[in-house]
Amino acid sequence: MIEKRDPSPSALNFKGTRATAFCLLICALSLAWIASRDFASMKTPDVLVPAAGFKRHLLSEWFPPLAATPMDTPVYIQKGNEPGGSVLVLGGTHPNEPAGYMTAVLMLERAWVRKGRLYVIPFANIAGFGHTQPQEASPEAILFTLPDGSSRKFRYGSRDMTHTLMWPIPDIYIHKASAQRLSGGESRNLNRAYPGDPNGSPTERLAWAIMEFLRGEKIDLAFDLHEASPEYPVVDAIVAHERSMELAAATSMELKGQGIEVRLEPSPKNLRGLSHREWGDGSGVMPILMETANPSQGRLRGRTDEALALTGRDKSYLKAAGLGRLFVPYEEGGKPLEARVARHLTAIMTFLSMMEFFVDENKAIEIDGLPTYQRLVESGIGKWLNPEEPVRDVLSR
Ligand SMILES: [Zn+2]
C-alpha cells in the first residue's frame with residue numbers, strides 16, 4: 001500500500017514562499033522606481049534668468065561637431081555701449097564646486113556691461129550636472145530663497161564627464177599634447193583635457209570647443225572658477241599663467257588691502273592639461289584659475305547634505321582647524337557659500353578694474369549691477385537671483 005502524504009503543509013509553504021517573493025519583488029521595483037525618478041530628475045536643466053542685454057548662444061557655434069551632443073552648453077554674451085576689453089567667466093568645470101558656477105550665474109543674472117564685452121559660460125561641463133559623484137553621498141541640488149518668497153534650485157553635480165559617455169575608463173589617462181600620464185579617472189576631468197582634441201573623447205572635444213571659443217572671440221582675460229577642500233594647499237588662491245601674472249599680482253595686493261587674503265600661485269609649466277596653462281599657451285588669452293574653500297567636497301567632512309554645501313559648517317573641519325591641518329582660516333561660522341561666491345566675484349571685479357592700467361587703456365572693462373563683498377555676505381545669494389520665468393532655459397536640440 002502506498003502511503004498517502006498529506007499535501008497541505010508543503011503546499012501552504014510553497015504558497016507562503018511565493019507570496020514573500022512577490023512582496024519583495026514589489027518592494028525592489030518600488031525602490032528602483034523612486035531611485036530612477038530621482039536620477040532622471042537630475043537631467044532637467046537648471047533655469048537661468050539672464051539680465052537684460054545678454055544674448056544666448058551655444059558653444060557648438062565655435063565648434064559645430066559639438067551640436068546635438070550632451071556636451072553642448074549655453075554661452076551668454078553682453079556687449080557694453082563703449083568698446084573695451086573682453087572677459088570670460090567660466091563656471092561649472094567641476095559641477096560639485098558650487099561657488100564656481102553660482103558666481104557665473106550671479107553675474108549672468110545681474111551684470112550690466114558699460115564698457116567692453118562679458119562672456120558667461122555658467123555650466124562648462126554641463127553633462128557633469130546630470131549626476132552626482134559616485135560614493136560621495138553629496139546632495140543633488142541646492143536651493144535659494146528669493147525676496148519674493150519664491151525659490152531657485154541649482155543642481156550639485158559631479159566633477160566628471162558623464163559616465164555613460166565615458167565608459168569604460170582607461171587604467172591610465174595619457175594627455176595627448178604632452179604624453180603626461182595620469183590615473184584613468186582623470187580622462188573624465190575637463191581640467192586635465194586642454195587643449196583638447198577635435199576627434200578625441202567627449203572631454204577632449206569639449207576642451208577643444210572651449211579653446212576654439214577663446215581663439216574665435218579673441219578673449220583678453222578668462223576666469224576658470226573652482227573650489228577645493230580646505231585641507232588642499234591651493235585654496236583661497238589665484239593661479240596665473242605668466243602672461244596674467246602681473247595683473248594677478250596687482251589684484252592680489254589690492255584684495256589684501258580690502259582684507260581678502262589670497263594665495264598667488266604661478267601656473268607650473270610642466271603640469272599640462274589645465275586651463276591656467278593651456279588657455280594661455282594655446283590662445284591669446286590671459287588665464288586665471290581661482291579656488292575657494294568648500295568643505296562639502298573635502299575628505300575630512302562628516303554628514304554631507306545641502307546644508308553643508310550652503311553653510312560649509314562642519315565639526316570635523318573645526319577640529320582639523322584646531323589641530324592646524326587646514327590651509328585656510330576656519331571658524332565656528334563655517335564657509336558659507338555667499339562668502340565663497342563673494343570672494344570670487346570681488347576678485348573678478350578687482351581684476352577688471354586693473355585692466356586699463358596693467359594691460360592696455362583700450363582694454364578697459366566696466367560692469368555695474370553686482371553686489372560688493374559685504375553686501376553679498378550680508379544679504380545671501382537669493383537676493384541677487386531673478387525670479388524664475390515660465391519659459392525654461394532648455395538647450396535647443
Ligand atoms: Zn575644481
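Two strands pair if DSSP finds at least two bridges between them. By that rule, strand 2 and strand 4 (residues 112-121) pair in the antiparallel sense, over 4 bridges. Helices (H or I, at least four residues) and strands (E, at least two) are DSSP runs, numbered from the N terminus. You're looking at a predicted model, where local features need pLDDT of at least 70, side-chain atom pairs count only at pLDDT 80 or more, and totals for chains, interfaces and linings use all residues. Residues are numbered from 1 along each chain as its sequence is written, and side-chain values use heavy atoms, leaving out hydrogens and water.

**The whole chain**
- The protein chain has 9 helices and 13 strands.
- Its C-alpha atoms fill a box of roughly 110 × 50 × 45 Å, taken along the principal axes.
- Of the 397 residues, 52% are buried (under 20% relative accessible area, with exposed meaning over 50% and partly exposed in between, using a 1.4 Å probe and protein chains only).

**Around strand 2**
- Strand 2 (residues 74-79) has 5 of its 6 residues buried, so the rest of the structure largely encloses it.
- Strand 1 (residues 55-58) also pairs with strand 2 in the antiparallel sense, over 4 bridges.

**Where helix 4 meets helix 8**
- The axes of helix 4 (residues 245-257) and helix 8 (residues 337-358) come within 9 Å and cross at roughly 125° (axes are lines fitted to C-alpha atoms, for helices over the stretch in contact, and angles run from 0 to 180 degrees between N-to-C directions).
- That makes helix 4 oblique to helix 8; angles under 35 degrees count as roughly parallel, over 145 as roughly antiparallel, 65 to 115 as roughly perpendicular and the rest as oblique.

- Most residues other than glycine have a negative phi, and most peptide bonds are trans.
- The peptide bond from Trp-167 to Pro-168 is cis, with omega near -5°, and Pro-168 sits in the loop between strand 6 (151-155) and strand 7 (172-175).
- Tyr-194 and Pro-195 are also joined by a cis peptide bond, with omega about 0°.
- Lys-218 isn't a glycine, yet has a positive phi of about 50°; at 64% relative accessibility, Lys-218 counts as exposed.
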